[in-house]
Amino acid sequence: MLIGMSAAGTLSPYIEFKDVCKAFGDRVVLQDVSFDVLPGEMVCILGRSGVGKSVALHNIMGFLKPDSGRVIVAGQDITGYNEAQLEGIRKKVTMVFQNGALFDSLTVGENVAFPLREKRELSEEQIFQVVDGLLEMVGVKEMRELLPSDLSTGMKRSVAIARALSAQPECVLYDEPTTMVDPLMGNLLGDLIARLKLQLHLTSVVVTHDMRLAKKLADRIVFLHEGRVIFFGPYKDMENSTEPIIREFLELDELKLEA
Ligand SMILES: Nc1ncnc2c1ncn2[C@@H]1O[C@H](COP(=O)(O)OP(=O)(O)OP(=O)(O)O)[C@@H](O)[C@H]1O
Ligand SMILES: [Mg+2]
């Protein structure tokens, strides 16, 4: 039997939210949120600012715990995991943060080498080669000796993606990979994310409010609104949704295209 296949022969999810609830004080952010991500699949989480998209990703990493419900990651129920157990999960799943979260005092090359050094499996020579390959893959090879402060937002994001990949993950979570960059750079980053999924067979979750990015990337979409999943399925099906907020997202995007 193949890993990831259930007895019935269907693919079992790599990530699954089962009725997840999460509140901060009185503010209920996620309410009975359920969706799943299959191995090798790309799922985009859409929704308005503040709806809980980043909170959902933080639950996958185990930075936050649900108040109720279960979170399955890499086929394991991580809901009750302690930090030591989560460390094993974080070797398989890495996150590209909304702000990049690079180490300011390390060069681009040192940033990307960081997860490799932590593993203590490779020689310095091997690390040099791997970092070279990763920087080339994301298109910032010439930036190796620069500091993050020397880079544009888009380049920083590319470096953050390279650093996430250097941990050789099975799954990458991207938080708003195309915000605050120009449309061309946004397009390049979108292409890069699509290419990495295919080349490295990555399972991917992309949080965004960029409808065009979601259309280009997503196998399936989770649309969050007022704490709930109001749509879960392929983009094509979402285009037929009658939910007012989804119509607004779709129509605003059409206006942007005409402008
Ligand atoms: N650690 C925390 N403590 C208290 N409240 C939090 C915490 N993390 C998130 N929140 C709240 O949860 C809500 C959802 O936040 P979240 O960052 O997930 O939104 P988002 O959908 O990612 O928005 P954006 O698109 O602007 O990034 C917000 O009201 C936020 O203030
Ligand atoms: Mg966010």
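How do the residues of the shell around ligand 1 divide into nonpolar, polar and charged? I sorted them and got four nonpolar, six polar and four charged. A reminder to myself before going on: this is a predicted model.

**Entry 1: around ligand 1**

I looked up who surrounds ligand 1 and found 14 residues, with Arg27, Ser49, Gly50, Lys53 and Ser54 as the closest. Then I asked which elements supply them. Strand 2 (27–37) and helix 1 (53–61) each give at least two residues to the shell. Helix 1 contributes the most, three residues.

Next I checked distances from oxygen atoms of the ligand. For serine 49, I read 2.4 Å between an oxygen atom of ligand 1 and an N or O atom in the side chain. For arginine 27, an N or O atom of the side chain lies 2.7 Å from an oxygen atom of ligand 1. Glycine 50 takes part through its backbone: one of its polar backbone atoms is 2.7 Å from an oxygen atom of the ligand. I also noted the area: ligand 1 exposes 630 Å² when taken alone, and the protein buries 62% of that.

**Entry 2: the nonpolar cores**

I turned to the largest nonpolar core, which has 47 residues. The members that touch the most others are Ile161, Tyr174, Val206, Ile221, Phe223 and Met238. Helix 5 (residues 153–166) provides the largest share of this core, six residues. Another core lies apart from it; I counted 32 residues there, including Tyr14, Leu30, Val37 and Leu86.

**Entry 3: lysine 119**

My last stop was lysine 119, which sits in helix 3 (residues 108–119). Is this lysine buried, exposed or partly exposed? Its relative accessibility is 30%, so I put lysine 119 down as partly exposed, since that class runs between under 20% for buried and over 50% for exposed. Not counting residues up to four places away in sequence, lysine 119 touches Ala167 and Gln168.

I also took one C-alpha distance from here: lysine 119 and serine 152 are 33 residues apart along the chain, and their C-alpha atoms are separated by 29 Å.

Terms used: Residues are numbered from 1 along each chain as its sequence is written. Chains are lettered from A and ligands numbered from 1 in the order in which they are written. This is a predicted model: local features need pLDDT of at least 70, side-chain atom pairs count only at pLDDT 80 or more; totals for chains, interfaces and linings use all residues. Side-chain values use heavy atoms; hydrogens and water are left out. A nonpolar core is a set of buried Ala, Val, Leu, Ile, Met, Phe, Trp, Tyr and Cys residues joined through side-chain atoms within 4.5 Å. Buried means under 20% relative accessible area, exposed over 50%, partly exposed in between (1.4 Å probe, protein chains only). Helices (H or I, at least four residues) and strands (E, at least two) are DSSP runs, numbered from the N terminus. A residue is near a molecule or strand if one of its heavy atoms lies within 4 Å of it. A polar contact is a pair of N or O atoms within 3.5 Å; within protein, one must be able to donate a hydrogen and the other to accept it, and residues adjacent in sequence count only if both atoms are side-chain atoms. Accessible areas come from the Shrake-Rupley method with a 1.4 Å probe; for residues, only the protein chains shown count as cover. Ala, Val, Leu, Ile, Met, Phe, Trp, Tyr, Cys and Pro count as nonpolar, Asp, Glu, Lys and Arg as charged, and the others, Gly among them, as polar. Contact means heavy atoms within 4.5 Å.
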